[in-house]
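Hi there,

Here is the structure I promised to pass on. Have a look at it first, and then read my notes below.

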Amino acid sequence: MSFALLSRHSLSVSCAATKKGTKATKAPKVVAKGVEFYGPDRVKWLGPYSAGSTPEYLTGEFPGDYGWDTSGLSADPATFQRYRELELIHARWALLGALGIITPELLAKNGVAFGEPVWFKAGAQIFQEGGLNYLGNPSLIHAQSIIATLAFQVIVMGLAEGYRVNGGPAGEGLDPLYPGEAFDPLGLADDPDSFAELKVKEIKNGRLAMFSCFGFFVQAIVTGKGPIENLTEHLADPATNNAFIFATKFTPQ
């Protein structure tokens, strides 16, 4: 992908120079931002020791491909396409989820009033008298029925996913993973080289977010507290509040 972009950009520079009447004997050297992330010369998962460890079917065409597939999960093109889609969608949800998990706790610790800032306890507020107020404000979203809330989410998310896969009011024939147009109001994908680099940044941060959310889940099960509270207690007394101390609670006595 990057080499195609590079060739296209060099050609446009050469044509522009010819129109101006300059001697365009040699197109200026253009270095695409995404070259190090795409193609056969991209950075691999073992760095300089990756020779012979990268499967032939991982060519560096897609963002986030570091040549690692020891289980052969991407050997079949159709399976690879499906897994790639699943990873990217889950990565985006994890990015939003991680932000939603830590933000209420951070705000609560800085004076913002919340009914319940801890992420795995917040949803239970809908069963209390008066229901659940989004951000503690009844003027925003005042949810009182778990059935109505669930039905609304299923309908809205079903429509959004249907439009993503099959096209909808926002535009027909759009890429289901990178639709652009109405979904890119800031024009972040206008420059092909920048867009190629942003794809890599998105999947890399998304993978970290998925691991972070998994860590939040484990922390909640083990400690019964939110991640910010766990972090605060650990920083206050690292020798007493750490993963090894909590792990001993699950060892046979």
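How are helix 2 and helix 6 set to each other, oblique or roughly parallel? Before the answer, please keep in mind that this is a predicted model.

Helix 6 covers residues 227-236, and its axis lies 8 Å from that of helix 2, at an angle of about 60°. The two helices are therefore oblique to each other. On the helix 2 side, the contact is made by Ile101, Ile102, Glu105, Leu106 and Lys109. Helix 6 answers with Pro227, Ile228, Glu229 and Thr232. Sorted by class, the residues of this contact are five nonpolar, one polar and three charged.

Helix 2, which runs over residues 77-109, also meets helix 5 (residues 192-223). Here the axes come within 7 Å and cross at roughly 55°, so helix 2 and helix 5 are oblique to each other as well. The crossing is left-handed. From helix 2, the residues involved include Glu87, Leu88, His90, Ala91, Arg92, Ala94 and Leu95. Among their partners in helix 5 are Glu202, Ile203, Asn205, Gly206, Arg207 and Phe216. By class, this contact has 12 nonpolar, four polar and four charged residues.

Now for the spaces in the model. The largest pocket holds about 1300 Å³. It is lined by 39 residues, and the closest to its centre are Ala122, Gly123, Leu132, Tyr134 and Gln153. Helix 2 turns up here too, as one of the elements that give two or more residues to the lining. The others are helix 3 (119-122), strand 1 (132-133), strand 2 (142-143) and helix 4 (146-166). In the lining of this pocket, 24 residues are nonpolar, 14 are polar and one is charged.

What about cavities: how many of 30 Å³ or more does a search of the whole structure find? The search finds one, and the volume of the largest cavity is about 30 Å³. Its lining is made up of Glu36, Phe37, Arg42, Val43, Gly64, Asp65, Tyr66 and Val200. Four of these lining residues are nonpolar, one is polar and three are charged.

Best wishes

How values were computed:
Residues are numbered from 1 along each chain as its sequence is written. This is a predicted model: local features need pLDDT of at least 70, side-chain atom pairs count only at pLDDT 80 or more; totals for chains, interfaces and linings use all residues. Side-chain values use heavy atoms; hydrogens and water are left out. Axes are lines fitted to C-alpha atoms, for helices over the stretch in contact, and angles run from 0 to 180 degrees between N-to-C directions. Helices (H or I, at least four residues) and strands (E, at least two) are DSSP runs, numbered from the N terminus. Angles under 35 degrees count as roughly parallel, over 145 as roughly antiparallel, 65 to 115 as roughly perpendicular and the rest as oblique. A crossing is left-handed if the near helix is turned anticlockwise from the far one by less than a right angle, and right-handed if clockwise. Contact means heavy atoms within 4.5 Å. Ala, Val, Leu, Ile, Met, Phe, Trp, Tyr, Cys and Pro count as nonpolar, Asp, Glu, Lys and Arg as charged, and the others, Gly among them, as polar. On a 1 Å grid over the protein atoms alone, a cavity is a set of points where a 1.4 Å probe fits but cannot get out, and a pocket is an open set with protein on both sides within 12 Å along at least five of seven lines; lining residues have an atom within 4 Å of a point. Grid points are joined across faces, edges and corners, and a volume is the space filled by probe spheres set on the points.
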